Each structure stands twice: as structure tokens, then as C-alpha cells.
Amino acid sequence: MGEIFLYNHGGSANHGCEALVRSLRILLGEQTKLKLFSEAPQQDFHYGIQDIADIQPGTQAYSKINFEFLKAYLQLKRNKDYFPMDILPYKKSIKSLKKGDVEISVGGDIYCYDDYPKFIKLHELISKRGCKSVLLGCSLEKQLFDDPLFVEDMKRYTYISARESLTYQLLKDNGLTNIGLNPDSAFTLPAEYLPLPEGFVENNTIGLNVSPLVIRKESRKGIVYDNFVYMMQWILENTECAIALIPHVVWEDNDDRTVLRELYNKFKNTDRVVLIDDCNCMQLKGYISRCRFFVGARTHATIAAYSTGVPTLVLGYSIKSRGIAKDLFGTETNYVISVQDLREKENLFEAFRWIFEHEHEIKGHLENVMDEYVERARNIKNIIRSTW
């Protein structure tokens, strides 16, 4: 039996990535050796991932005096194709893989961004090493299936686990048979409870998360910020709730704290708004679980809320937020608002008010469905073991 290695991990400063690694470690058990190929090993060491996995650099230095580099360079200059250059840093780690090793791709939405051809090329190289592969917890947009190279890459996987039914149906409609439907493994992640900061009132605090990524998708400049300001003002003026601003990704070029600090500074004099410090994904889940409501843009922050029974409004931009809400509630309506639909400063508040007014109904529903939903997520361990 080959080794299991986790791939397409961008680094644990994205606490969604960290949550996938930690939840898989728990699901597979301590007796299973895990090798983690990371694009940011220093982040993983910072959050203690070395205690649960063998961290290896996903990218390494490469020689510029060989045919591979020359060929990639010519493709860049002649065809404006930068992907052959992009994969050169990965080749040394891929060459260390052996036939029969099992790749678990933990980058669930890597194919949803403009650079997805890079991941097609990487998976092709891994497959040529004789490795089996599992695309875990994926979300895939409809337009991807118009690309025959993408469809061919999906066929190379030993198994594809869609984390929501909209993606599963797209895979099925396009003739893929190596597929299954299992909730995101992060639903199984345990929470860790740090002392609450002053001003955070347990079960009467509204958690808020917003990201630079969702802001880049706004319909006009500043509309996301204006919506959060309007909603926070309403909360402070019309309820006794405190507000906790909770980051979930702190990558240097994509740091939730950038906009959360702006919101904190605007309202800090009210003494009812707190900014949560960066910490690991289980500790962040501990904070989120003690909120009364949650409004979030980061998928794994909202998963932390859903899985602990917190009524949640998702500020979404893609199929993943719609699909998860549909599977949990039977509909995305009222549970997800698209960032592209924010036109007026009141839009986010109006969506949140529905969540606020249906608090007990939503909590009751989550209590009724979550045990079975999480158990389905735990089934991922059996799927992975079946590929060994």
C-alpha cells in the first residue's frame, strides 16, 4: 500500500485549508501516516500542523539551465502561456511520489479560479507517477464543463467527492461516474474554546466575517463595506447584541483583517464591538459557536457556524455557498445573498433581518439535520480507504 499525501494545500493562514487538514487527520485516525505538500510550510508550522502531518514543501527551487525550463520559457514568450512556467517549482516534489501513493486534493475549489489550468497540469503529472487521486470536497462551476481539458482531468481522478448537490449534479450530467456526494469534512471539525474577550457576550453576539476576495467581486466600489456599516448600525441601535468581527483567512495578499479593522475602528467607541485575534481553525470555530447569529463570506467560517447550530447568512459569490445552503435547508433563498446583488446599502441588512426574525426556526432545523449531515461527512474516511 502506498502513502497518503495531501495536495493543493495553500497554507494554514487560510483557516479553511487548515480545517480540511485537521478534520482529515481526525477522520483517518492517528495510525494513518499523512504527508502534507504545502505551498506555505512556514504557515503550517506556525499553527502546529507538524504535530499531525509530515509537512513537505510543495514547491522547490528549480534549475534554469535545462530543456524543461527552456521549453516552458518559449511557451510563455511565444504563446503567452504561463502555466508551464508555473508548474516548474512543483516538479521536484512530484518526482518524489511513487506508484500506488494516494493523492487527496484538499483544494476543494481550486478549479473555480482563473488559474485552474495549472491544477490540471499538476494532476496530470501526479497521475503519470502512477498515483491514485481523490478530489475532496469540491465545488465546480457550470462553465468549467465547456472545457474538454477540464472534463478529461475529472476523468483522471480515482474518486471525486462533491461537497454539495449542485456540483454533484453537474458532474453527473456531464457523464462522470467516479463521483459521490459527501458534505465538507470541516463539518466534523471539533471546536476549541478559548476565553472570550471582554465585550463578547456568549449567545448574544453577532459574528461577522468579510473578505477581500468577496469585495473584489462587488458590483460597485465600496458597496460591501457600506452594507456592513449599515447592518452594524442597525444592530447597535435596535438590539442589545454585541458584535464580533472574526477573520478566517489571514494571507498577506488576502487578509480578512484588512476590512475588519476598518469596521472595528469605526465602531470601537460603542464598546459593543470586538475584533477577534488570529488563531487556529478550531479556536475560531469555538468563537463562532458561541455567537447568536453569524454573517460570513468565507465558506469555512460559515461551515463552522452551521455545524454548531448558529443561524447563518452567507454573503456568497459562487456555487459552493448556494449548494451547501440548498442541501441543508432545501433552498438557498433567504440563506445566501450574492455579493453581486448588493446594489443599495440596505441589501445585506434586509437579508439578515429575515435570519434574525426566524432565529428559533433555523436553530431547530439545524439541530434536527446536523447529526445526520455530519455523519455523511464522516463517511469520507471510508471513501479514502477504499482507494488504498
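Select Y116, F119, I120, H123, E124 and S127 in helix α6 of this predicted model.

Next, show the helices whole. Select residues 116-128 for α6 and residues 148-156 for α7. Two packed helices are described by the angle between their axes and the distance between the axes. What are those values here, for α6 and α7? The axes come within 10 Å and cross at roughly 35 degrees. Which hand does the crossing of α6 and α7 have? α6 passes α7 in a left-handed crossing.

Leave the helix pair and turn to the cavities. How many cavities of 30 Å³ or more does the structure hold? There are four. Go to the largest cavity, where the space comes to about 70 Å³.

To see its lining, select H15, A19, A186, L189, H248, C281, K285, H300, I303 and A304. The lining of the largest cavity has six nonpolar, three polar and one charged residues.

Now bring in the helices around the largest cavity. Show α1 (15-28), α12 (281-289) and α13 (299-306). Each of these supplies at least two residues of the lining. Which helix gives the largest share of the lining? α13 does, with three residues.

Terms used
Residues numbered from 1 in each chain as written. Predicted model: local features only at pLDDT ≥ 70, side-chain atom pairs only at ≥ 80, totals over all residues. Heavy atoms only, no water. Axes fitted to C-alpha atoms, helices over the stretch in contact; angles between N-to-C directions. Helix = DSSP H or I, 4+ residues; strand = E, 2+ residues; numbered from the N terminus. Left-handed = near helix turned anticlockwise from the far one by under 90°. Contact = heavy atoms within 4.5 Å. 1 Å grid on protein atoms, 1.4 Å probe; cavity = no way out; pocket = protein on both sides within 12 Å on 5 of 7 lines; lining within 4 Å. Points joined across faces, edges and corners; volume = space filled by probe spheres on them. Nonpolar A, V, L, I, M, F, W, Y, C, P; charged D, E, K, R; others polar.
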